[in-house]
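Please have the sequence and the model open while I speak.

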Amino acid sequence: MKNFATNRVALEVPLNEALAARRAEALYRSRRIAEGAQTVRRCIDGREYLNFCSNDYLGLAAEPALAEAFRTGVNEYGTGSGAAHLVNGHTRAHHELEAALAEFIGRPRALLFSTGYMANLAVTGALSGRGDAVFADRLNHASLLDAALLSGARLIRYGHCDADALKARLEGSEAPNRLVTTDAVFSMDGDSAPLAELAQIAAAHRAWLIADDAHGIGVLGPNGRGSIAAAALGLDEVPVLMGTLGKAFGTFGAFVAGSEVLIETLIQQARPYIYTTALPAALAVATLKALELVRAADDRREHLAALVQRFRDGARQLGLNLMPSATPIQPLLLGDAGQAVAASKALEDAGILVTAIRPPTVPKGSARLRITFSAAHREDDVDRLLDALEGIVPPAAAR
């Protein structure tokens, strides 16, 4: 037994050294313990905070109507699905939700996944392989980058939102099969991809365009149909759309929407779909109700947009270094990881929860406070945040 313990301790030496290095560089991450429902006033580690770091953009995560729908689903289907979709885990509730999402997005079919991460792995893995090429925006979400790497295709990154750079890289590629992948709304910067330009370039080079609209679905476009609808684009321009259900929809899961042949291909070939237990059917029942609320949430979206504008106007008056974003994701650029952690801690001391985002999540030298807004926030919540930031974060010109 002593030999086993000695071996384990030796194996853990480089792990401990790496953890110590992360602490020294202000890159160490710690979990918090939250109590109660996901709301803008949240009890974290025993203290109530004003929460500005959730992706619950429409304030639906604690919506009583969704809880009631979930209870109805549990009463009918139980708590677990028990198997993958292709075994016996695919219920009528799943099927109805897929049909409703497809109709909402304006596409022939939709396919449910447990997470957006899995959905991106599934699409890229099913549509590309060795010898192919995946062209990815340099600031794509980690799931899109990992999807390209795991597919076996060559990963080629282009400058952030730089359509000309994408065009040049496509023109220099001899890969027989090409995929262009992009966040529609970038999760750490809050800006939007130039989808119309990317669509034209992808089509001219016979490449798939895959848009991850995790942060646009429910928030942007007519009736919350997302970034693609906001840009007046459709299936032909953006053949593959991924959306998530755990943000604006307030539930959990993800979906891919596209043509009949795309969805059938994913069912037959996408390993993250084939080999994963299906979402609990009760979640599908709750999400059907969420979809109904999202469709009718123009008042929430208008209020959310007004809050974002109020914040940006106030931050501009304070001289804060906000990044260019018209979405509920409002990054305040600080640069240094230690400074971002210190600012987050000072806000926490003031009873406000804002996450410090550091490398490797964002490029070195671009650490920031990622401030996110919900339709459940009030105007005085925004003013309280601005007052706190004035005393914590110096104007950009002073740094």
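Let me begin with a term: a polar contact is a pair of N or O atoms within 3.5 Å, where, within protein, one atom must be able to donate a hydrogen and the other to accept it, and where residues adjacent in sequence count only if both atoms are side-chain atoms. Helices (H or I, at least four residues) and strands (E, at least two) are DSSP runs, numbered from the N terminus. What you see is a predicted model, in which local features need pLDDT of at least 70 and side-chain atom pairs count only at pLDDT 80 or more, while totals for chains, interfaces and linings use all residues. Residues are numbered from 1 along each chain as its sequence is written, and side-chain values use heavy atoms, with hydrogens and water left out.

Now to helix H14. At its start, a side-chain oxygen of Asp336 comes to within 3.0 Å of the backbone nitrogen of Gly338. The helix covers residues 337-349, which is 13 residues, and it spans 18 Å from its first C-alpha to its last, close to the 18 Å expected at 1.5 Å a residue (the expected span being 1.5 Å times one less than the number of residues). After H14 comes Gly351, whose phi is positive, near 85 degrees.

Which residues of H14 are buried? Buried means under 20% relative accessible area, exposed means over 50%, and partly exposed lies in between, with a 1.4 Å probe and protein chains only. By that rule the buried residues of H14 are Ala337, Ala340, Ala343, Ser344, Leu347 and Glu348. Seen down the axis, they fall within an arc of 140 degrees, so they line one face of the helix; the arc is that of the directions from the helix axis to the C-beta atoms. Among the elements that these buried residues pack against are strand S3 (47-51), strand S14 (367-372) and helix H15 (379-392), where contact means heavy atoms within 4.5 Å.

Let us turn to charges. A salt bridge is a side-chain nitrogen of Lys or Arg within 4 Å of a carboxyl oxygen of Asp or Glu, and a search of the whole structure finds 17 of them. One joins Glu68 and Arg71 at 3.0 Å, N to O; the two are three residues apart in helix H2 (residues 64-77), and are therefore separated by about one helical turn. Glu68 is partly exposed at 42% relative accessibility, and Arg71 is partly exposed at 46%.

Another salt bridge links Arg368 and Asp189, with their closest N and O atoms 2.9 Å apart. Because Arg368 lies in strand S14 and Asp189 in the loop between strand S7 (178-183) and helix H8 (195-204), the pair ties together parts that are 179 residues apart in sequence. Both Arg368 and Asp189 are buried.

The side chain of Arg107 does reach the backbone oxygen of Ala257, at 3.5 Å.

Finally, Ala305 sits in helix H13 (residues 298-318) and is partly exposed, with a relative accessible area of 47%.
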